[in-house]
Amino acid sequence: MAHIGIIGSKGRMGQALQQAIRDAGHDNTGGVDLGGSASVAAAQSEVLVDFSSPAALADNLKAAHDAGIPIVIGTTGLGAEHHAMIDKASHNIAILQTGNTSLGVTLLAHLVSEAAAKLGSDWDIEIVEMHHRMKVDAPSGTALLLGEAAAKGRNIDLAANSERGRDGHTGERKEGAIGFAALRGGTVAGDHSVIFAGNEERITLTHNAENRMIFARGAVKAAAWLIGKDAGRYTMQDVLDL
Ligand SMILES: NC(=O)C1=CN([C@@H]2O[C@H](COP(=O)(O)OP(=O)(O)OC[C@H]3O[C@@H](n4cnc5c(N)ncnc54)[C@H](OP(=O)(O)O)[C@@H]3O)[C@@H](O)[C@H]2O)C=CC1
Ligand SMILES: O=C(O)C1=N[C@H](C(=O)O)C[C@H](O)C1
């Protein structure tokens with residue numbers, strides 16, 4: 001049985017996590033929300049799971065570091081400054097950060113990388129995502145993760161080749177670009193498609209999340225797996241052995 005503390009425990013993911021922890025027979029050591037103390041949760045836990053806000057990241061990393069326990073970071077909307085913080089903290093504790101904890105998306109990322117490596121740069125890559133009306137960040141963490149997978153397959157830098165938020169007279173598409181489009185509405189748990197658009201043919205790889213329990217189950221699996229691991233930065237591929 002793993003003793004798991006939740007940051008963002010009253011949110012949509014926090015509630016799903018509470019259920020997933022119970023279902024897997026682990027112990028929920030308590031939750032933290034805005035204004036609460038991650039250090040108090042960390043002191044009672046073997047691992048922290050964070051589905052909250054990028055603004056909470058520094059405190060969460062410090063709490064995990066001071067308690068000497070690992071942390072799963074599922075929060076999205078992270079920028080370069082957040083990734084730098086995670087890299088630094090991972091010298092001392094085990095950290096798994098991912099935009100998507102589901103088995104399906106982890107496998108999809110693997111397939112996207114393979115497809116991007118096999119298809120030449122005349123196959124344009126576009127990533128389309130749709131989420132519920134309450135989502136605050138775009139593109140989604142998953143879309144960016146899939147973009148990174150495609151860029152890795154192509155052996156290019158994603159930041160230097162992204163086309164985001166097209167509007168107005170954008171000019172022609174840049175060869176080799178990876179495009180992103182974000183739709184918001186209703187209660188969609190998370191839909192992602194990666195489109196490889198070639199000359200007169202198209203391949204589309206799609207994942208549809210029907211319920212956020214898929215993310216919660218993956219996060220709990222990752223948390224239990226991370227306990228006792230050496231300091232470093234881990235991925236869902238490591239957990240699922242993909
Ligand atoms: N990696 C993955 O697989 C997935 C990632 N996500 C990501 O997880 C995050 C949370 O999503 P979701 O549950 O839908 O969002 P919600 O808005 O429903 O929940 C966020 C929770 O975090 C709390 N919170 C906000 N700021 C802080 C803070 N500074 N310190 C501690 N707690 C804080 C909120 O508390 P309060 O209500 O008091 O403000 C709330 O309980 C998002 O970034 C989302 O994109 C979501 C699904 C899957
Ligand atoms: O906010 C959400 O709901 C989700 N966020 C993650 C993301 O940004 O990709 C994962 C999932 O798609 C649901």
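Some ground rules. Residues count from 1 along each chain as its sequence is written, and chains are lettered from A and ligands numbered from 1 in the order in which they are written. Because the model is predicted, local features need pLDDT of at least 70 and side-chain atom pairs count only at pLDDT 80 or more, while totals for chains, interfaces and linings use all residues.

Start with the overall layout. The protein chain splits into domain 1 (3-101 + 213-240) and domain 2 (103-209). Those bounds come from an automatic or database domain assignment. Their C-alpha centres are 26 Å apart. Across the boundary, 10 residues of domain 1 are in contact with 12 residues of domain 2; contact means C-beta atoms, placed from the backbone, within 7 Å. On the domain 1 side, the elements giving two or more residues are helix H8 (213-226) and helix H9 (236-240). H9 gives the most, with 3 residues. Helices here are DSSP runs (H or I, at least four residues), strands are runs of E (at least two), and both are numbered from the N terminus. By class, that side of domain 1 has 3 nonpolar, 7 polar and no charged residues. Ala, Val, Leu, Ile, Met, Phe, Trp, Tyr, Cys and Pro count as nonpolar, Asp, Glu, Lys and Arg as charged, and the others, Gly among them, as polar.

What does UniProt list for residues 3-100? An unreviewed entry gives "domain: Dihydrodipicolinate reductase N-terminal". Such annotations may be inferred rather than shown by experiment; positions use the numbering here, and feature names are shortened. The span is 40% helix and 22% strand, and its end C-alpha atoms lie 22 Å apart.

Now the sheet. It is open, with 5 strands in the order S7-S8-S6-S9-S10 and mixed pairing. Pairing requires at least two DSSP bridges between strands. Strand S7 (162-164) and strand S10 (202-209) are the edges, each pairing on one side only. From one strand to the next, the twist averages 15°. Helix H5 (residues 103-118) packs on this sheet, touching strand S6 (124-131), S9 and S10, and its direction makes about 165° with that of S10. Axes are lines fitted to C-alpha atoms, for helices over the stretch in contact, with angles from 0 to 180 degrees between N-to-C directions.

Look at S9 (residues 190-197). S9 and S10 are antiparallel over 8 bridges, and His 192 faces His 207 in S10. Their hairpin has 4 residues between the strands, and there Glu 200 takes a positive phi near 70°. S6 and S9 also run antiparallel, joined by 7 bridges. In that pair, Val 128 is opposite Ser 193.

Last, the ligands. Ligand 1 has 27 residues around it, the closest being Gly 8, Gly 11, Met 13, Ala 56 and Gly 74. A shell residue has its C-beta atom, placed from the backbone, within 6 Å. Helix H1 (residues 12-23) supplies the largest share of that shell, 3 residues. The classes are 8 nonpolar, 14 polar and 5 charged.

Which residues surround ligand 2? They are Thr 76, Gly 99, Asn 100, His 131, Lys 135, Ser 140, Gly 141, Thr 142 and Gly 190. No nonpolar residue is in this shell: 8 are polar and 1 is charged. Domain 1 and domain 2 each give at least three residues to the shell around ligand 2.

Notes
Two residues are in contact if their C-beta atoms, placed from the backbone, lie within 7 Å.
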